[in-house]
Amino acid sequence: MPDPGPAPRRLLAFGAVALLAVVLGALLLVHADAGLDTRRATVAGVPLTEVRAAGGDDGPRPGVVIAHGFAGSARLMRPLADSVARHGGVAVLLDFAGHGANPSRLPGAGRDDQRARALLRHDLDVAVEWLRSRPGVDPDRVVLVGHSMGAGAVTRYAVDHPELARTVAISLPDAGDVPAGWSGNLTLVVGGLEFPDFRRAADQAARGGPPGSRQRVVAPGTEHISVLFAPRTHAAVVAAIPGRPGGPPPAPLTRLAGAGLLLLGLGLGFVPLAAVLLRRPPAPVTAGPPAPIAPGVARPPAPVAPGAARPGAPVAPGVARPGAAWPGRWLVVAVGAAGLGAVLAAPLPTARLPLAVGGHVAVFLLLTGGLLVAAQRWLRPATRAVGRAGRAVGVAAALVGYAVLAVALPLHLGFTSATPVGARWWLLPLVLLCCLAFLLGAELVADGRSGRYAVVGGLGVVVLAAAAVTGLAPGFVLLVVPLFAALVAWQAAWAGVLRRRGAPWWLPALVGAVLLAWPIATTLPLA
C-alpha cells in the first residue's frame, strides 16, 4: 500500500512554492537596503542605529530621531527611517530600556511611572546628542518622531527643548503630554481604526498653540500597529523634515512584504520537511484472501492489539467503555480550564516575572495547560503511538531547529527585534515550558484531532482577550492578542501536518511551543 501522506507531486509543489517565496522575500529585503548606509552603535548602554542615503556630500543634512512604542523596537520603526533617509535626512533609531537589543529593564508598571519616564528621557537624550555629533548632520535641524509610548516620550522631551525643529507624535496615548500653551511645532498622526482613547488624545492635543503650529493627520483604515506602515504616516514624517530635498514616494511595505514572503516560504517548507523526516513505513501486504474454513470447524479468534480490551471482556471501574463518553465533554473541559486559568492567574504576582505582559500570558498558559492535563483523567483515555525513541528525538531536534529559524529570522529581519538579550536567555526556556504545558494539555483533550486542537487553542485566545477586557489581565494584552492568535493558528496548522505524517503525539506540542514562546520571550519588554 502506498504512503497515505501527500503525493510526491504535491510535496514538490509545496517545496517549489516555498523556495520561490523565500527567494522573493530575500530579494525584497535586499532591495529595501539598497542605496542606504546603516551603522549601529551602543552609547551609554543605549543601542542606536543610524540610517542615511549612501554617497553624496551635499552639505549638512537634517536629523530625525525615531522612537518606538511599548513592546516595539528600533527594527519595527525601520521603514520610517528608510523613508527619512531616502528624502535627505539622517535617521537614528533607538531601543528603549527593556526593548529590542537593550538588556536594561524598564521600571514601573505603566506609562505614568516617573522612574520609567526618567529612563525614557535619558535614552532619548543619548540618541539626540549622538545624532547631533554625527558627521554631515545639521544640529539645528533635528526632528523627533515617536509612536505610542515613544510619542509621549518625544513630546515631553520637545516641550523642554524648544530648539527642536518639529515633533511627530504617532498614536499619542495622552493629550496631557502636550501643554495647552506650548508653542512648539507638532504633527499628530492617528490611525482611523485605533481605539477611541488614541483618537480622542489626538483631537485634544491638536487644539491650542499658535496658528499652524499643530497639525492632525489621520491614516485611514489602520489601527495601532499598521499605522506605522501607512503611506499617509510616512508622508507626514517626510513633510516634517526641514529643508528636505525631493525623493521617491515612500515605500513603507517593501521590508514588511519581504519578511512576509520569507515567513510564508518557511511556513510552507515545513510540509515537505516533515514528509522527509517522518516517512511512514508501508503497511504490510496480505498474501491473499483468508483460506476457507471447513463446515463445523470454529473460526480462530481475531487478533487483538496489545493493550486493547477483548470483546465482551469486563471493564475496570472508572474506565469508560468505547463510545460511552459524552461527545461534547472535551469542549466543556476546554472552556472550563481556560476560564479557571484566567481567574487563577489574575491574583498571582505574574509581574514578578521580568517580562511585561508576557509574564501574565505565560502563567495563564501554564495554569490552563495543567488543568487540561488533570482533566484528561475525566475524559476517555487515548491510545498513543510511541514509535522508536532514538529516531523520534532526532526528528524532534531537526523540526524544533527549523521552527526557531522559521519564526525568528523573518520576525527579526522585517518586523521587530527577535534576538534574546539579557534576561531573555533564561526567560525563553521558562516561557517555552509554559507554552508546552498548554499545548500538551490541548493535545490530550483533543485526542489527536486537528479540529478539536484548533478549537482549544482558539478558546485560549478568546479567554485571554476577555480577561483583558474585564480587568483580569493587563489591558495591554489586547494589543498582543492579534499576534498571539496568528501564532496559535500557525502552530495548529503545523500540528495537523505532523499528525498526518504519524508523528509521536507529543511532537506537535513541542514544535508549536517554540512558535509561541519565541516571540513572547524576545519581543515583549523586560520589566
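**Aromatic rings in a predicted model**

Reader: Is F270 buried or exposed in this predicted model?
Author: F270 has a relative accessible area of 0%. Buried means under 20%, so F270 counts as buried.

Reader: How many aromatic pairs does a search of the whole structure find?
Author: The search covers the whole structure. Its tally of aromatic pairs is five.

Reader: What kind of aromatic pair do F70 and F476 form?
Author: Their centres are 4.6 Å apart, with 80° between the planes. An angle over 60 degrees counts as edge-to-face, so the F70 and F476 pair is edge-to-face.

Reader: How far apart in sequence are the parts that F70 and F476 tie together?
Author: F70 lies in the loop between β3 (61-67) and α2 (78-86), while F476 lies in the loop between α12 (450-470) and α13 (477-500). So the distance in sequence between the parts they tie together is 406 residues.

Reader: F476 has 22% relative accessibility, so what does F476 count as?
Author: Buried means under 20% and exposed over 50%. At 22%, F476 falls in between, so F476 counts as partly exposed.

Reader: What about the rings of F270 and Y402: how are they paired?
Author: Their centres are 6.3 Å apart and their planes meet at 40°.

Reader: Which helix holds Y402?
Author: F270 sits in helix α7 (residues 254-277), and its pair with Y402 ties together parts 132 residues apart in sequence. Y402 itself lies in helix α10 (residues 389-414).

Terms used:
Residues are numbered from 1 along each chain as its sequence is written. This is a predicted model: local features need pLDDT of at least 70, side-chain atom pairs count only at pLDDT 80 or more; totals for chains, interfaces and linings use all residues. Side-chain values use heavy atoms; hydrogens and water are left out. Rings of Phe, Tyr and Trp (its six-membered ring) pair if their centres lie within 6.5 Å; planes under 30 degrees apart count as stacked, over 60 as edge-to-face and the rest as tilted. Helices (H or I, at least four residues) and strands (E, at least two) are DSSP runs, numbered from the N terminus. Buried means under 20% relative accessible area, exposed over 50%, partly exposed in between (1.4 Å probe, protein chains only).
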